[in-house]
Structures are given as C-alpha cells and as structure tokens.
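Student: Hi! Could you walk me through this one while I have it open?
Tutor: Happy to, let's take a look together.

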Amino acid sequence: MKKASIILSMIMAIAGFAACGSTSAVVSDTSASSETKVNETEAETTAETNAETSSSEKSYFEWASKTIAESEYAETAVEPYGTFEYKSYYSNTAERETGVNILLPPDYRKDKEYPVLYILHGFWDTEEWMARDIVGIPRMLTELYSEGKAEEMIVVLPYIFTSKEMPRCTGMDLENSLAYDNFINDLTTDLMPFIEENYSVKKGRENTAITGFSMGGRESLFIGFTRPDLFSYVGAVCPAPGLVEIPGSPMHPGQIEESELSVIEGSEPRLVYITYSDSDGVVADSPASYCKLLEDNGVEHTVKVLHGTGHDHTSVKPHLYDLFQVIFK
C-alpha cells in the first residue's frame, strides 16, 4: 500500500497540497473549483511554474484548464483511448439483462492482459453517467497514458441498481438502498465473470480496482473492505451515508459494523483513497466520518478535501485524475 500512497502524496505535494497525519494523509485542494477561474489565473503563474512542473505530475486543475485538440493526440507516441462501448450481460442476481459501458486501452490486444478499474455511479443514475463527455474519462486517460503517468487499463462502468422486482430506482428509501447494496452479488457472480470471459483481463487483487461516486462511493467502500481478496485499490468520492448505521434512521441500518471498516493482516489494500468537497451539502459529513473511522481503526488511507466543488462531476473528475496515476503500479 505504501508505494501507491507515496506516489499519490507526491502528486499532491507537487500540486501545492499540504499533507499531514500518520495512518492517513490529509490534503486540502485549494485550487479553483471552476475551470473558468483556473483559466483566468493560470496565465499569471505559468511562467513561474513551468520549470517546476514540466518533469513532474500535474494537478487536475492545471490539466483541466487546457483545451486539448485531437491533433495534439497525433503528436503523442500512443493512440488515444477511444469511446466507451456499450455491452449487456445477463445478471442472475437481478434476473435481467444489464447494461455496462467498457473502455479499452489504445491498441487493445487479446494476447495481452490488462488490469481493470470498476467505477460505480450514484443514486438515481445509470451506467451512462460516468461515460459522459463532461466527466471526460477517455481524455484524462489518453493524456496521462501518453505521458507515462498512467498504466494501460480496462475501465468498466456498471449499472449498480440490482433488484429482481424493480429495473430502476423508484425512490430514496430503504428498499431502493438495499438494491444498491445488492450490487456486490451481481459484481462478483455476474459482471466480473462476464468481463473476464470476454476481455483479456489480468486477474488478481493487485490488478483490480474499484471506486465510485456518492451511493457508488458507499458501495465501493463496502465492496472493497468486505472483499479484500478481489480488490487491492479502493476509492470513493463524496461517498453517501449508510455504510455504517445512522442511529434513528430507518433508511440507514448500516451495511457493516464500524469495526469492520478495517483490514485483515495479509490482505491490506495497496491504496484507500477518499475525495470529498467541503461544499457538498448532499452527503454532509458522511465522508469525513468514514475517514475518522478509518483513522480510529488504524487503516492507512489518503484523503483529499476539495473546496468549492459540488456533489457532481466537479468532484468526480479530480478524484479520477489522481486515481488513474497511482493504481496498478
């Protein structure tokens, strides 16, 4: 776990973040939440920072301020990541055909094996949410891979609402929450076998990562900590409440006990990375409370606190940009 954490700390330090803590590295992102604001200020600082950052990792906000033309990709040594391909598989767990978006690395070959990252969407959303242009996963991976900052990987965007009775989420209540919680069974018994059967996958926990946004972030933490045999890299951005019991809340009986947000000796994750915004009024203090539990349980983890971003793609993109640079190394 230390290698991934060290790399992530270096990325954050170079980006101007402050780090502290023992079992956790807490960083605060002081960059502008608006890409427009970044554009206005970057011109003033470019001359001073070019020498410092030219040979080092770049922060998401520096990267986001650029407009990358397709012609620029032609000048790189690699082909760009393409677009997500939409597939469906039969979920025995949900007893229906289920959609999934899959992004393959440039020059994908069946005779070469690739690690896999699963990214989970939030409440009310579908497998299309993370595949949108506004999130920009192919663009991020293209530039990072072309510069040697990210490994080749397969990215899988599943539909995580897993119910035999309801094809779609119908409300924010316990019944619907339990359908999201049921995704762990679809993932392990249906989706992962489908991906491994149809794509050239490098198997093993060290080659498998999971992260998610909001309800997907709650599920990625639940899955990552209950199935450490499958996942060595665990992330979450703005994770929703309910991972552990919220006293007095009928919707949040808890998926695990507080003591279970811990690691088993010999099955420690290489990375636990949580990102959240101090301006996120949707999940309130849930992400911070999870970080406190990890701290109390002695789990090494890294936390990135964003300022001014929302409960949306503006928080998801910085999280993914950092994560892409540290997994599978």
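Student: Let's start with helix 7: where does it bend, and by about how much?
Tutor: Helix 7, residues 183-198, bends by about 35° at Leu 191. A proline, Pro 193, follows within four residues. Keep in mind that this is a predicted model.

Student: Which residues of helix 7 are buried?
Tutor: Phe 183, Ile 184, Asp 186, Leu 187, Asp 190, Leu 191, Met 192, Phe 194 and Ile 195 are buried.

Student: Back to Leu 191, then. What is it in contact with, leaving aside neighbours within four places in sequence?
Tutor: Leu 191 is in contact with Tyr 89, Val 100, Tyr 118, Val 156, Pro 158, Phe 183 and Asp 186.

Student: And which residues touch the most other members of the largest nonpolar core?
Tutor: Tyr 118, Ile 137 and Leu 191 do, in a core of 89 residues. Helix 7 supplies the largest share of this core, seven residues.

Student: What does strand 3 pair with?
Tutor: Strand 2, residues 85-91, pairs with strand 3 in the antiparallel sense over seven bridges, and Lys 87 stands opposite Val 100 there. Strand 3 also pairs with strand 5, residues 154-158, in the antiparallel sense over four bridges. In that pairing Ile 102 stands opposite Val 156.

Student: Which residue in the hairpin of strand 2 and strand 3 takes a positive phi?
Tutor: Glu 95, with phi near 55°; the hairpin has four residues between the strands.

Student: Switching topic: where is Val 244, and is it buried or exposed?
Tutor: Val 244 is in the loop between strand 7 (233-237) and strand 8 (271-277). Val 244 counts as buried because its relative accessibility is 10%, and the cut-off for buried is under 20%.

Student: What is Val 244 in contact with, beyond its neighbours within four places in sequence?
Tutor: Among them are His 252, Gly 254, Ile 256, Glu 258, Tyr 290 and Leu 293. Glu 258 is 14 residues apart from Val 244 along the chain, and their C-alpha atoms are separated by 6.1 Å.

Student: How many disulfides are there?
Tutor: Zero, from a search of the whole structure. As for cysteines, Cys 238 is buried at 0% relative accessibility, and Cys 291 is buried at 9%.

Student: Last one: where is the pLDDT below 50?
Tutor: Residues 14-22 are one such stretch, and over residues 30-57 the pLDDT also stays under 50. The mean for the protein is 85, with 78% of residues reaching 70 or more.

How values were computed:
Residues numbered from 1 in each chain as written. Predicted model: local features only at pLDDT ≥ 70, side-chain atom pairs only at ≥ 80, totals over all residues. Heavy atoms only, no water. pLDDT = per-residue confidence, 0-100. Contact = heavy atoms within 4.5 Å. Disulfide = S-S within 2.5 Å. Buried < 20%, exposed > 50% of the residue type's maximum accessible area, 1.4 Å probe, protein only. Bend = angle between axes of the 7 residues up to and from the residue. Helix = DSSP H or I, 4+ residues; strand = E, 2+ residues; numbered from the N terminus. Core = buried A, V, L, I, M, F, W, Y, C linked by side-chain atoms within 4.5 Å. Pairing = 2+ DSSP bridges.
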